[in-house]
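Please read it with the structure open.

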Amino acid sequence: MIVFFTFIAMLIIAMLAYSLSSYKFFSLTFLSSAMFVCVLLLYFVFFEYLGKDITWKTSFVLIGAELFIAIGEILARPRVYISDESLEKTRASIVKNREFFGNQLIYVSSIQILFTSIFVYIVAGVRYMRLYRITKESGVNVNFFSLISKARILYISGEIEFGPILAAGYYITQLIGYIYVYYFMINLLITKKIRVALLFPVVGYCLCIVSTTARTEYIKLACAFVVSYLSYCIYTSINNINILKIGKWAFVFGAFFFGYGFAVRGVRMGAGVEAVGKNIVAYSCSAIYGIDYYLNHPWRENQYFGKYTLDAIYSLVGKHPSVGFEPFFFMKNAKSNIYTALVRPIQDYGILLMLFSRSLLGFVCAKLQGIYLHTNINSKWYLFWYIIECHVLYIFLLMPIGDKTSIILLNPKYLVEIIVAYIIIIFFGMDNGQIVNK
């Protein structure tokens with residue numbers, strides 16, 4: 001089977017990226033290729049739902065994209081692929097952060113947690129009530145699941161507008177969610193104690209995500225936990241990362257994510273193995289089938305140059321390509337509309353320029369990651385670069401199932417919004433964790 005050859009090739013790329021890079025789990029090539037390994041493995045497990053092998057063309061496109069990501073990453077930080085000693089000489093700020101974690105701790109007062117939590121829950125409540133009113137006016141028999149299902153359609157069609165104040169409130173709660181995940185994880189890793197109160201603002205942000213109906217935002221939030229843990233390991237020179245523990249929590253989160261998705265799609269307990277299998281396929285390995293299907297049945301010619309990858313930029317200048325949902329395709333026993341992150345750039349620029357764009361993406365994201373790892377933890381902007389790193393991780397982890405670059409790095413409006421939101425957080429002191437001796 002060609003899909004098996006692709007699986008082996010991706011596994012080799014992931015192993016080489018991990019072994020050759022001093023950043024290990026932070027290697028962008030490792031992250032994306034390892035996720036492709038997982039998705040291709042699911043392709044085997046659920047082959048009866050898919051019904052056919054992929055073509056050699058699809059295999060070479062997937063493998064080529066990973067190799068070009070590796071090229072971009074190596075060009076951005078060549079010393080990382082030489083030795084740990086050469087890396088150490090180039091990251092003095094990482095050494096400073098290592099000294100910080102060796103002697104100090106970030107403490108957040110209960111009063112600050114309380115007021116921050118109140119703000120986050122107010123934003124979530126107001127957004128949810130407005131969403132309830134809008135969907136009820138549209139004729140929906142409102143309960144929780146019908147509310148978020150209908151709201152998703154209204155979002156895509158542009159019929160829901162929360163206004164600038166509530167939109168700003170959401171972005172502030174988003175960054176607060178990431179920041180408090182960081183506070184929670186660092187306190188847990190240093191003191192080995194769980195301070196549950198630090199998760200109150202995070203839960204409030206999760207309620208805000210419900211009002212956006214953006215299911216993959218939970219994955220982005222999960223990336224904050226991963227970034228915090230891996231950063232701590234780099235700063236404290238921990239080489240024996242507990243892979244089993246990471247795997248356990250990944251399984252727990254995956255069960256939550258799929259369970260939430262099943263509920264939204266109307267899959268209930270007792271629906272049967274077949275219904276659950278179809279939905280797992282729809283969220284994951286169907287993307288491999290999707291890109292194979294696309295390469296043999298490309299979408300019609302674009303109305304605008306770069307319609308799918310530059311949609312956010314076109315919107316700023318008053319043009320609205322209105323991408324919306326990508327077209328569904330039907331497999332042997334399932335259907336889906338996810339195509340991997342490669343389909344949109346192929347549709348816009350062709351395969352060769354898509355490969356070049358992967359190198360450019362690897363280069364830019366490796367540079368952003370370098371800025372984060374080299375920023376001193378005492379800097380006011382350290383947490384901002386930490387948030388950017390969460391987005392970078394999110395882009396590469398979701399590469400096998402969707403293109404997030406176009407809605408993050410190629411979206412000037414979103415980038416400005418999170419910068420402004422972070423400045424507001426600093427101004428009102430919602431990021432003020434106190435540095436205390438251990």
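1. Lys413 and Glu417 both sit in helix α20 (residues 412–427), four residues apart, about one turn of the helix. Helices here are DSSP runs of H or I with at least four residues, and strands are runs of E with at least two, numbered from the N terminus. An α-helix has 3.6 residues a turn, so residues three or four places apart point the same way. The side chains of Lys413 and Glu417 meet in a salt bridge, 2.6 Å from N to O. A salt bridge here is a side-chain nitrogen of Lys or Arg within 4 Å of a carboxyl oxygen of Asp or Glu.

2. A word on the source. This is a predicted model, where local features need pLDDT of at least 70 and side-chain atom pairs count only at pLDDT 80 or more, while totals for chains, interfaces and linings use all residues. Residues are numbered from 1 along each chain as its sequence is written, and side-chain values use heavy atoms, with hydrogens and water left out.

3. Are the two partners in α20 buried or exposed? Lys413 is partly exposed, at 47% relative accessibility. Glu417 is buried, with a relative accessible area of 19%. The cut-offs are under 20% relative accessible area for buried, over 50% for exposed, and partly exposed in between (1.4 Å probe, protein chains only).

4. The rest of α20 follows. Its 16 residues should span 22 Å at 1.5 Å a residue, and the end C-alpha atoms are 23 Å apart, which agrees. The expected span is 1.5 Å times one less than the number of residues. The buried residues of α20 are Tyr414, Glu417, Ile418, Ala421, Tyr422 and Ile425. Seen down the axis, they fall within an arc of 130°, so they line one face of the helix. The arc is taken over the directions from the helix axis to the C-beta atoms. Gly429 follows α20 and has a positive phi, near 70°.

5. How many salt bridges does a search of the whole structure find? It finds four. One of them joins the side chains of Asp292 and Lys52, at 2.5 Å from N to O. Asp292 lies in helix α14 (residues 286–296) and Lys52 in the loop between α3 (47–50) and α4 (56–76), so the pair ties together parts that are 240 residues apart in sequence. Asp292 counts as buried at 1% relative accessibility. Lys52 is partly exposed, at 30% relative accessible area.

6. Glu217 also forms a salt bridge, with Lys220, and the closest N and O atoms are 3.2 Å apart. These two residues are three apart in helix α11 (residues 217–235), separated by about one helical turn. Both Glu217 and Lys220 are buried.

7. Next, the nonpolar core. The largest one has 117 residues, and Tyr180, Tyr182, Tyr183, Tyr386 and Phe396 touch the most other members. Its largest share, 16 residues, comes from helix α9 (residues 163–191). Such a core is a set of buried Ala, Val, Leu, Ile, Met, Phe, Trp, Tyr and Cys residues joined through side-chain atoms within 4.5 Å. Not counting residues up to four places away in sequence, Tyr386 touches Tyr178, Ile179, Val181, Tyr182, Ala224, Val227, Ser228 and Tyr372. Contact means heavy atoms within 4.5 Å.

8. Ile395 is in helix α18 (residues 382–397). It counts as buried at 1% relative accessibility. Leaving out residues up to four places away in sequence, Ile395 touches Leu361, Lys404, Thr405, Ile408 and Leu409. The C-alpha atoms of Ile395 and Ile407, twelve residues apart along the chain, are separated by 9.8 Å.

9. Now the aromatic rings. Rings of Phe, Tyr and Trp (its six-membered ring) pair if their centres lie within 6.5 Å; planes under 30 degrees apart count as stacked, over 60 as edge-to-face and the rest as tilted. The count comes to 33 aromatic pairs. Among them, Phe25 and Phe30 are edge-to-face, with 5.4 Å centre to centre and 80° between the planes. Phe25 and Phe30 are buried.

10. Tyr289 and Phe329 form a stacked pair, with 5.7 Å centre to centre and 15° between the planes. This pair links distant parts of the chain: Tyr289 is in helix α14 and Phe329 in strand β2 (residues 329–330), 40 residues apart. Both are buried. One aromatic cluster is formed by Tyr289, Tyr293, Tyr294, Trp299, Tyr308, Phe329 and Tyr339.
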